[in-house]
Protein chains: 2
Amino acid sequence: MADRKAKDALFGAFASVAKALGNGHRAEIVDVLAQGERSVENLADEISQSVANTSHHLHVLADVGLLQTRRSGTRVYYRLASERVGELWGALRDVAVEHVAEIEVLAEGYLGDRDGVEQISAEELAARVAKGRVVLLDVRPFDEYAAGHIAGARSTPLNDLPRLAASLPRSREIVAYCRGPYCVYADDAVRLLRKRGLRARRLDIGYPEWSRANLPTEAGPQVVRSS
Amino acid sequence: MADRKAKDALFGAFASVAKALGNGHRAEIVDVLAQGERSVENLADEISQSVANTSHHLHVLADVGLLQTRRSGTRVYYRLASERVGELWGALRDVAVEHVAEIEVLAEGYLGDRDGVEQISAEELAARVAKGRVVLLDVRPFDEYAAGHIAGARSTPLNDLPRLAASLPRSREIVAYCRGPYCVYADDAVRLLRKRGLRARRLDIGYPEWSRANLPTEAGPQVVRSS
DNA sequence: GGTCTATTCAAGTGATACTTTGAATAGCCG
DNA sequence: CGGCTATTCAAAGTATCACTTGAATAGACC
């Protein structure tokens, strides 16, 4: 084949995208950015890295085109370059969960024992929300809620949950959701609510997956901020 | 956060899948295996690498769980661990095409000038096949055709095409397809047919994408082998 | 000018990735 | 069993890259 070199170059370019995602910190960055844009400092804090190092990783992702930036005053905000990048991240995570043996163990190590954290599927939740049978709590930080949330959800950041738990109805089931299937927030929320005797489950996916499935969403602080 | 280490480990495991795909040769291997299982020797030949090196790369992919093997006599056959791996590869390629700037150039370098290689979308083809308006040619190697092909397609490996071109009808449009949107076979076929004055276009995707879209397929050499 | 944020640079650290070679293994065939 | 083939393994060679840190710089705002 005369064009072996050209073929290698083309597939090398395809592989460059995978290479950019092939680092734990960068994977985490993409996971966070799937919730919405973030400043460098904010991201650095989220992934527990120095600003310089975070900036470096952001450039690796931006150089292959996975991220875009916006400047506002002294801050630079990064976001996923398109919806498809979020889909790719989701596909990558799903394949990892299905095929990487140790993930089950690592997930339990991070999320804790999931006995007692019952899950509810997106289909079932969608049906129940439509019938008004469920109190739906978005337990992510408020900014992420404001950037977009499941239709009908109420913002209840994890910090505020202990205070607000008393006001939740005992007669209806409570469902909590957060960033994704491997985010701790909803698990923690469910454990807290159950300890107080409330009926609570967590959605088995997060907001980005819900949104990508074209299920109903809203944006902006339309529901009263819990503060 | 007390569980920073656990979180790093979990996301590191997610990233390990991307790392495995982060090499041109391995990306090419996955692309080939999306057509069906292959022996090591066969793959080595396809990607123009030594058997030992190919075996090494196969193990990298198999170690993270992306591939599975089957032994038959003295040969070992590798295949994608699941349909989802093929989807992941497709998502990766799509994101690369959309966001990696140089891919357009590299693709032209490999596929050649695509003026004169008109494309047809899957939707349009599906409609036309249903109405019998199209002669559909699978220009991949026969084994891949036998493993699965678009319903109604005829196997016409590129090598055999010059000989068979004369028997193709001038009254109907001819559509060729192959392994994927960045496979040369269909482009070469269209150029050859056009040179002979036939009306030919290429499908803008390949068999794996068609199959994943749940469009009609068949398996086995049901249509007479062109040989 | 002073402050804040982000980027860049230089440097250290450590290691990893890819390929080739030659030998070893495992199964087939006569 | 002995010879054959296909694949794997181990080791070595090669090259280079990846990640992190701390300090310097640049740009924007007040």
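This is a predicted model: local features need pLDDT of at least 70, side-chain atom pairs count only at pLDDT 80 or more; totals for chains, interfaces and linings use all residues.

Colleague: What kind of axis relates chain A and chain B?

Modeller: Two copies of a chain are related by a rotation about an axis and a shift along it. Here a rotation of 180° with 0.0 Å of shift along its axis places chain A on chain B, and the RMSD of that superposition is 0.0 Å. Because this is the relation that such an axis describes, the answer is a two-fold axis.

Colleague: Which residue of chain A has its C-alpha nearest the axis, and how far from it is that atom?

Modeller: For chain A, the C-alpha nearest the axis belongs to A:Ala18. The distance of that C-alpha from the axis is 2.4 Å.

Colleague: Through which surface do the copies meet, the same one or different ones?

Modeller: The interface residues of chain A can be compared with those of chain B, and 100% of the ones in chain A are also interface residues in chain B. The copies therefore meet through the same surface.

Colleague: Which element of chain A gives the most to the side that touches chain B?

Modeller: The contact takes 50 residues from chain A and 50 residues from chain B. On the side of chain A, the elements that give two or more residues are helix 1 (4-21), helix 2 (24-33), helix 5 (83-99) and helix 6 (103-111). With 16 residues, the one that gives the most is helix 1 of chain A.

Colleague: In what order do the strands of chain A lie in their sheet?

Modeller: Strand 1 and strand 3 of chain A pair in the antiparallel sense over 2 bridges, and strand 2 and strand 3 of chain A pair in the antiparallel sense over 6 bridges. The edge strands, which pair on one side only, are strand 1 (38-39) and strand 2 (67-72) of chain A. The 3 strands form an open sheet, and their order is 1-3-2.

Colleague: Which residue of strand 3 of chain A is the bridge partner of A:Ser39?

Modeller: One pairing within the sheet sets A:Leu67 opposite A:Leu80 in strand 3 of chain A. For A:Ser39, the bridge partner in strand 3 of chain A is A:Tyr77.

Colleague: Which residue in the turn between strand 2 and strand 3 of chain A has a positive phi?

Modeller: These two strands of chain A form a hairpin with 2 residues between them. The residue in the turn with a positive phi, of about 60°, is A:Gly73.

Colleague: In chain B, which residue of strand 3 stands opposite B:Arg70?

Modeller: Strand 2 (residues 67-72) of chain B runs antiparallel to strand 3 of chain B, and 6 bridges join them. B:Ser39 stands opposite B:Tyr77 in strand 3 of chain B. The residue that stands opposite B:Arg70 is B:Tyr77.

Colleague: How are helix 2 and helix 4 of chain A oriented, roughly parallel or roughly perpendicular?

Modeller: In the contact, A:His25, A:Arg26 and A:Ile29 in helix 2 of chain A meet A:His57, A:Leu58, A:Val60 and A:Leu61 in helix 4 of chain A. The two helices pack with their axes 10 Å apart, at an angle of about 75°. Helix 2 and helix 4 of chain A are therefore roughly perpendicular.

Colleague: Which element supplies the largest share of the surface near DNA strand C?

Modeller: There are 21 residues around DNA strand C, and those that come nearest are A:Ser39, A:Glu41, A:Ser55, B:Asn23 and B:Gly73. By class, the residues of this surface are 6 nonpolar, 12 polar and 3 charged. The largest share, 6 residues, comes from helix 4 of chain A.

Colleague: And which element supplies the largest share of the surface near DNA strand D?

Modeller: DNA strand D is surrounded by 21 residues, with A:Asn23, A:Gly73, B:Ser39, B:Glu41 and B:Ser55 the closest. This surface has 6 nonpolar, 13 polar and 2 charged residues. Its largest share, 5 residues, comes from helix 4 of chain B.

Technical notes: Residues are numbered from 1 along each chain as its sequence is written. Chains are lettered from A and ligands numbered from 1 in the order in which they are written. Copies are superposed by least squares on the C-alpha atoms of residues with pLDDT of at least 70 in both. Two residues are in contact if their C-beta atoms, placed from the backbone, lie within 7 Å. Two strands pair if DSSP finds at least two bridges between them. Helices (H or I, at least four residues) and strands (E, at least two) are DSSP runs, numbered from the N terminus. A residue is near a molecule or strand if its C-beta atom, placed from the backbone, lies within 6 Å of it. Ala, Val, Leu, Ile, Met, Phe, Trp, Tyr, Cys and Pro count as nonpolar, Asp, Glu, Lys and Arg as charged, and the others, Gly among them, as polar. Axes are lines fitted to C-alpha atoms, for helices over the stretch in contact, and angles run from 0 to 180 degrees between N-to-C directions. Angles under 35 degrees count as roughly parallel, over 145 as roughly antiparallel, 65 to 115 as roughly perpendicular and the rest as oblique.
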